[in-house]
Amino acid sequence: MRGHCTGTAFVFSGRPDPEWPVPAEARRRLEAVWTALTPAVSGPPPAPPLGYRGSALRCASGDEWLAYAGVVAHTAASGSLDRRSDTERKFERLLLSTAPEGMLPPNLLP
Amino acid sequence: MATLRVEIDIFSGRPNPVIELTGSDASALVDRLGKTRRLEKGEPGLPPVPTLGYRGLIVSQVGAATRKLPRSFRLAHDTIAEDGVLRAVADESVERVVLESKAFRDAPLDRDFKKLLLREIQRFREIRLRWPWRPPKVKFPPVVLRCRCAPLYEPAWWNDGGQKQLRNNCYNYGSNYRTDTFHQIPGGSQPGAAAGAMYTSITGPEVRNAAIADGLINNPTANNKCPGEGHLVALVIWPGVDFHWYRKGRTGRWSHKPGSTPVIDVDNSNAVITDPRTADRGGYTQFTTFMTVMHGHVKIK
């Protein structure tokens, strides 16, 4: 997770989805969580049309992580895909916690 | 001798070819058109509606005009039309004068244009002989259009996974007004932004008034009924968080586009939306109002 990274929560319909810069320290913790995850056997369940639909971490290096409902998918700059299981939604929670206070609707995750 | 400007009225999308007859070519056309008579009842006239393909030559006199011809008229086969009055000329192949003129030969036309034009002149003759057309003897099944002015439900057009899908939101889709500005510019795809009256808080009245500033018409008593003109949209609010729009389509069913995601016609419970007031709307719990979109009246940033 080198260089500048941005967090995004896919949640709105009319307004632009919230985006925020993710600090270096949080990136290191996210990387540690990602490294500890085990391979997922399937993708996430489909998200509802309205409401929270997942979150993303996008870095200037071209790497992107999409997290939703217990699955985190990493797409490398080269295009390769690695999907890991995160049943406790640690990665997703940590990523959302890096958003500035008040930017996200409350109680996005159960 | 007058110069005759001749527009070959044949194209729809491209400009029609125009040539100018001068000298002996112009004289030849004037002579061939010399004596005319009014069309008798029952003689084929010109179709009163424009047809596709050759429709005649539009001839205008340029400069010093001869009194032997009208200033401007349409010529097709043996008929000239001036201000809606049809007259017959003796020679029914008078267009050949134009086709054989020096100006036509020298004009920068496509190589096979003359052949095409000859075929088209004949085709138009057949059209005139068949006029008035009878309606085709085909029985079409009745189509139930509950909202005849409403836009079609055409998700494939919006759901391109690219610019149309990602840069347009529920407001664009609801208004059927593509801006490609969502997430792209400040205020992009936001109610009121185009009018300098963007909402300042996420409440029903704020977003409704912002949409009114964009040209939408509040229609709170629509009760899920299509308006006579334009189409119906519905505004719902996730209090303090976000707004969302649905639109009623031509078949009477509702569809929507949640943010940058694809256009769909089901709600959060995967049920067809017959009334947005009763649909599963997730956090968008406040139904605010129905509104009418008059096509062409709305402006979105």
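Because the model is predicted, local features need pLDDT of at least 70 and side-chain atom pairs count only at pLDDT 80 or more, while totals for chains, interfaces and linings use all residues. Residues are numbered from 1 along each chain as its sequence is written, chains are lettered from A and ligands numbered from 1 in the order in which they are written, and side-chain values use heavy atoms, with hydrogens and water left out.

**Chain B overall**

Chain B has 8 helices and 12 strands. Helices (H or I, at least four residues) and strands (E, at least two) are DSSP runs, numbered from the N terminus. Of the 301 residues of chain B, 46% are buried. Buried stands for under 20% relative accessible area, exposed for over 50%, and partly exposed for values in between (1.4 Å probe, protein chains only). Among contacts in chain B with a separation of 6 or more, 60% come from residues 24 or more positions apart; a contact means heavy atoms within 4.5 Å.

**Helix α2 of chain A and the cores**

Helix α2 of chain A spans residues 90-97, and its buried residues are Phe91(A), Glu92(A), Leu94(A), Leu95(A) and Leu96(A). These pack against β1 (5-9), β2 (19-21), α1 (24-36), β4 (55-59), β5 (64-68) and β6 (71-75) of chain A.

A nonpolar core is a set of buried Ala, Val, Leu, Ile, Met, Phe, Trp, Tyr and Cys residues joined through side-chain atoms within 4.5 Å. The largest one has 39 residues, of which Trp20(A), Val22(A), Leu57(A), Phe91(A) and Leu96(A) touch the most other members. Two or more residues of this core come from each of β1, α1, β4, β5 and α2 of chain A, and from β9 of chain B. Leaving aside neighbours within four places in sequence, Leu96(A) contacts Ala9(A), Trp20(A), Tyr52(A), Ser55(A), Leu104(A), Leu108(A) and Leu109(A). Another core, of 34 residues, lies apart from the largest one and includes Leu57(B), Ala103(B), Phe104(B) and Phe124(B). In soluble globular proteins, nonpolar side chains tend to be buried together.

**The interface**

At the interface, 13 residues of chain A are in contact with 25 residues of chain B. The two chains bury about 1,400 Å² between them, with 62% of it on carbon and sulfur atoms. Buried area is the accessible area (1.4 Å probe) that two parts lose on being put together, summed over both. On the side of chain A, Ser13(A), Arg15(A) and Leu50(A) lose the most area to chain B, together 43% of what that side buries.

The interface has 12 residue pairs in polar contact, both residues at pLDDT 80 or more. A polar contact is a pair of N or O atoms within 3.5 Å; within protein, one must be able to donate a hydrogen and the other to accept it, and residues adjacent in sequence count only if both atoms are side-chain atoms. The count of salt bridges between chain A and chain B is 0.

**Salt bridges**

A salt bridge is a side-chain nitrogen of Lys or Arg within 4 Å of a carboxyl oxygen of Asp or Glu. Over all chains the count is 16. Three of them are listed here.

| Pair | N to O distance |
|---|---|
| Asp9(B) and Arg55(B) | 3.0 Å |
| Arg74(B) and Asp9(B) | 2.8 Å |
| Arg178(B) and Asp180(B) | 2.9 Å |

Asp9(B) is buried at 7% relative accessibility, and Arg55(B) is buried at 13%. Arg74(B) is partly exposed, with a relative accessible area of 25%. Arg178(B) is partly exposed at 38%, whereas Asp180(B) is buried at 15%.

**Single residues**

Most residues other than glycine have a negative phi. Arg89(A) has a positive phi of about 60°; this residue lies in the loop between β7 (81-85) and α2 of chain A and is buried, with a relative accessible area of 14%. Asn223(B) has a positive phi of about 55°. Asn223(B) is in the loop between β8 (217-218) and β9 (231-238) of chain B and is partly exposed, at 41% relative accessible area.

Ser255(B) belongs to strand β11 (residues 254-256) of chain B and is buried at 3% relative accessibility. Its side chain makes a polar contact of 2.7 Å with that of Tyr173(B).
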